[in-house]
Amino acid sequence: MQFMALIYSAPGTEPPYGSPEFAAFMEGYFALSAKLKADGAFIAGEGLQPAETATSVRLRGGKVETMDGPFAETKEHLGGFYLFHADSLDAAIAYAAMVPSVAWGTVELRPVMEY
């Protein structure tokens with residue numbers, strides 16, 4: 001089964017860029033990516049540019065509407081994702097618990113539809 005792990009955190013809660021704490025934080029992501037790859041579970045994973053770079057797109061009345069910013073105003077912003085294989089929800093939760101941002105943010109797990 002495939003799972004999407006959506007990584008949310010409030011801006012400014014992660015260690016400051018360029019600090020030793022940030023380097024350790026990123027090592028956690030590198031370690032998780034390496035584990036997923038070693039387990040044969042990795043499909044994709046990336047960080048996202050900040051929420052203020054988002055463009056939301058809608059089609060209303062046959063017209064395309066665009067808005068600057070994310071779709072929803074929330075305290076926690078979507079900052080990245082992993083897409084991976086897991087045999088069960090419990091296995092997916094174990095991977096999600098390894099995401100460094102889970103210590104102060106939220107990782108939302110969603111099974112991927114299989115058509």
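This is a predicted model: local features need pLDDT of at least 70, side-chain atom pairs count only at pLDDT 80 or more; totals for chains, interfaces and linings use all residues.

Let me begin with a strand pair: β1 and β5 are joined by 8 bridges and run antiparallel. Within that pair, I7 has G80 of β5 as its bridge partner.

Along the principal axes, the C-alpha atoms fill a box of roughly 50 × 40 × 20 Å. There are 115 residues, and 28% of them count as buried. As for contacts with a separation of 6 or more, 74% are between residues 24 or more positions apart.

Back to the sheet. What is the strand order in the open sheet of 4 strands? Reading across, the order is β2-β5-β1-β6, and the pairing is antiparallel. The edges are taken by β2, residues 42-47, and β6, residues 106-111. Each of those two has a single partner strand, so one side of each has no neighbour in the sheet. From one strand to the next, the twist averages 20 degrees.

On the β2 side, the antiparallel pairing of β2 with β5 runs over 5 bridges.

Now the helices. α1 packs on the sheet and touches β1, β2 and β5. The direction of α1 makes about 20 degrees with that of β5. α2 also packs on the sheet, with β1, β5 and β6 as the strands it touches. Here the angle is taken against β6, and it is about 150 degrees.

How many residues does the largest nonpolar core have, and which of them have the most contacts inside it? The core has 17 residues, and the ones with the most contacts inside it are L36, Y82, F84 and V99. Elements giving two or more residues to this core are β1 (2-9), α1 (20-38), β5 (77-85) and α2 (89-96). The largest share is that of α1, with 5 residues.

Leaving out residues up to four places away in sequence, F84 touches M1, Q2, F3, A5, L36, A41, I43, A92, Y95 and L109. Note that L36, one of the residues F84 touches, is also among those with the most contacts inside the core.

The largest pocket holds about 760 Å³ of space. Which residues are closest to its centre? They are F25, G47, L48, G79 and G80, out of 31 residues in the lining. G80 has come up already, as the bridge partner of I7. The elements that give two or more residues to the lining are β1, α1, β2 and β5.

β3 is joined to β4, residues 63-68, by 6 bridges, and the two run antiparallel. V57 stands opposite T66 of β4. Together β3 and β4 make a hairpin with 2 residues between them, and in the turn G61 has a positive phi of about 60 degrees.

S56 sits in strand β3, which covers residues 55-60. Is S56 buried or exposed? S56 is buried: its relative accessible area is 10%, and the cut-off for buried is under 20%. Beyond its neighbours within four places in sequence, S56 is in contact with E65, T66, M67, G69, P70 and F71.

G62 lies in the loop between β3 and β4. With a relative accessible area of 68%, G62 is exposed, since the cut-off for that label is over 50%. For a sense of scale, take G62 and F3, which are 59 residues apart in sequence. Their C-alpha atoms are 33 Å apart in space.

I am happy to take questions.

Definitions and conventions. Residues are numbered from 1 along each chain as its sequence is written. Side-chain values use heavy atoms; hydrogens and water are left out. A nonpolar core is a set of buried Ala, Val, Leu, Ile, Met, Phe, Trp, Tyr and Cys residues joined through side-chain atoms within 4.5 Å. Buried means under 20% relative accessible area, exposed over 50%, partly exposed in between (1.4 Å probe, protein chains only). Contact means heavy atoms within 4.5 Å. Two strands pair if DSSP finds at least two bridges between them. Axes are lines fitted to C-alpha atoms, for helices over the stretch in contact, and angles run from 0 to 180 degrees between N-to-C directions. On a 1 Å grid over the protein atoms alone, a cavity is a set of points where a 1.4 Å probe fits but cannot get out, and a pocket is an open set with protein on both sides within 12 Å along at least five of seven lines; lining residues have an atom within 4 Å of a point. Grid points are joined across faces, edges and corners, and a volume is the space filled by probe spheres set on the points.
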